[in-house]
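Please walk through the fold of this chain, from its sheets and helices to the packing between them.

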Amino acid sequence: MSDLAADPASGLASGLTAAPDDTGFARLAMVTIDCADPIALAGFYGELLGWESRHLDEQFAILDNPEGGSPLGFGRVSGYRPEPWTEPDGGKHFHLDFYVDDLDEAIAKALALGATEPTYQHGRTLKVLIDPAGHPFGLAPLE
C-alpha cells in the first residue's frame with residue numbers, strides 16, 4: 001500500500017492522470033473479493049461504504065456503487081484462509097484503499113464494524129486495517 005494524497009480537482013491520487021477516452025478496450029465490471037462468508041463481508045463493506053446489496057446468498061454477494069461505478073462482489077471460497085499482514089513483505093494478494101473525510105472517525109467506525117488494527121503500519125497518511133475476513137484495506141484522508 002502506498003501513501004495516498006488526492007488532488008481535489010481530479011479526485012486522483014497524486015501523480016496519477018486520467019487516461020484519455022481512446023485508450024483501453026475493456027471496462028471494469030466488478031471487483032470480486034474471495035472470502036469464507038460473502039453475506040457477512042458484504043455487510044461489513046456495505047456499512048463501511050454506505051452501499052446497498054443487489055444480491056445476497058451463501059455463495060455470492062454484490063454491493064452496488066451508488067455513484068454509478070463498478071460494484072463490489074464477494075465470493076465464497078471453500079477453505080478460504082487470509083494471508084497474514086504482519087511484515088512489510090507480507091503475502092497479501094490485493095488491497096482496497098478508501099478516501100475518508102475524517103481519518104480518526106473513519107478508523108473508529110471501521111473498528112466498530114469488526115475491522116482490526118494490525119501492529120505493523122508502513123504509511124504516514126494511510127492507516128491499514130484488516131476486514132473481518134482477513135483482507136488488509138487502507139483509509140486515507142481526502143486532502
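Two strands are taken to pair if DSSP finds at least two bridges between them. Helices (H or I, at least four residues) and strands (E, at least two) are DSSP runs, numbered from the N terminus. The model is predicted, so local features need pLDDT of at least 70 and side-chain atom pairs count only at pLDDT 80 or more, while totals for chains, interfaces and linings use all residues. Residues are numbered from 1 along each chain as its sequence is written, and side-chain values use heavy atoms, with hydrogens and water left out.

Strand 6 and strand 7 run antiparallel and are joined by four bridges. Within that pair, Ile130 stands opposite Pro136 in strand 7.

The other open sheet to consider has four strands in the order 1-4-3-2, again with mixed pairing. Its edges are strand 1 and strand 2, each with a single partner strand, so one side of each is left without a neighbour in the sheet. Neighbouring strands are turned by 20° against each other on average, direction ignored. Strand 2 (residues 52–56) and strand 3 (residues 60–64) run antiparallel and share four bridges; the two form a hairpin with three residues between them. His55 has Ile62 in strand 3 as its bridge partner. Strand 3 is also joined to strand 4 (residues 72–76) by four bridges, and this pair runs antiparallel. Across it, Ile62 stands opposite Gly73, and Phe60 stands opposite Gly75.

The loop between strand 3 and strand 4 contains Asn65. Is Asn65 buried or exposed? Asn65 has a relative accessible area of 17% and is therefore buried, where buried means under 20%, exposed over 50% and partly exposed in between, computed with a 1.4 Å probe on protein chains only. The side chain of Asn65 reaches the backbone nitrogen of Glu67 at 2.8 Å. With neighbours within four places in sequence left aside, Asn65 is in contact with Trp51, Ser70 and Pro71; contact means heavy atoms within 4.5 Å.

Helix 1 has twelve residues and spans 16 Å from its first C-alpha to its last, close to the 16 Å expected at 1.5 Å a residue; the expected span is 1.5 Å times one less than the number of residues. Gly50, with a positive phi near 75°, follows helix 1. The buried residues of helix 1 include Leu41, Phe44 and Tyr45.

In soluble globular proteins, nonpolar side chains tend to be buried together. A nonpolar core is a set of buried Ala, Val, Leu, Ile, Met, Phe, Trp, Tyr and Cys residues joined through side-chain atoms within 4.5 Å. The largest such core has 23 residues, and those with the most contacts inside it are Leu41, Tyr45, Phe74, Phe137 and Leu139. Strand 1 (31–35), helix 1 (38–49), strand 3, strand 4, strand 5, helix 2 (103–113) and strand 7 (136–141) each supply at least two residues of this core. Helix 1 gives the largest share, four residues. A second, separate core of five residues includes Trp85, Leu126, Ile130 and Ala140.

Leu41 is in contact with residues including Ile33, Phe74 and Pro132, leaving aside neighbours within four places in sequence. Leu96, in strand 5 (residues 96–100), is buried because its relative accessible area is 15%. With the same exclusion of neighbours within four places, Leu96 is in contact with Ile33, Tyr45, Pro136, Phe137 and Gly138. Leu96 and Leu139 are 43 residues apart in sequence and 8.8 Å apart in space, C-alpha to C-alpha.

Terms used. Polar contact = N/O pair within 3.5 Å; in protein donor to acceptor, adjacent residues only side chain to side chain. Axes fitted to C-alpha atoms, helices over the stretch in contact; angles between N-to-C directions.
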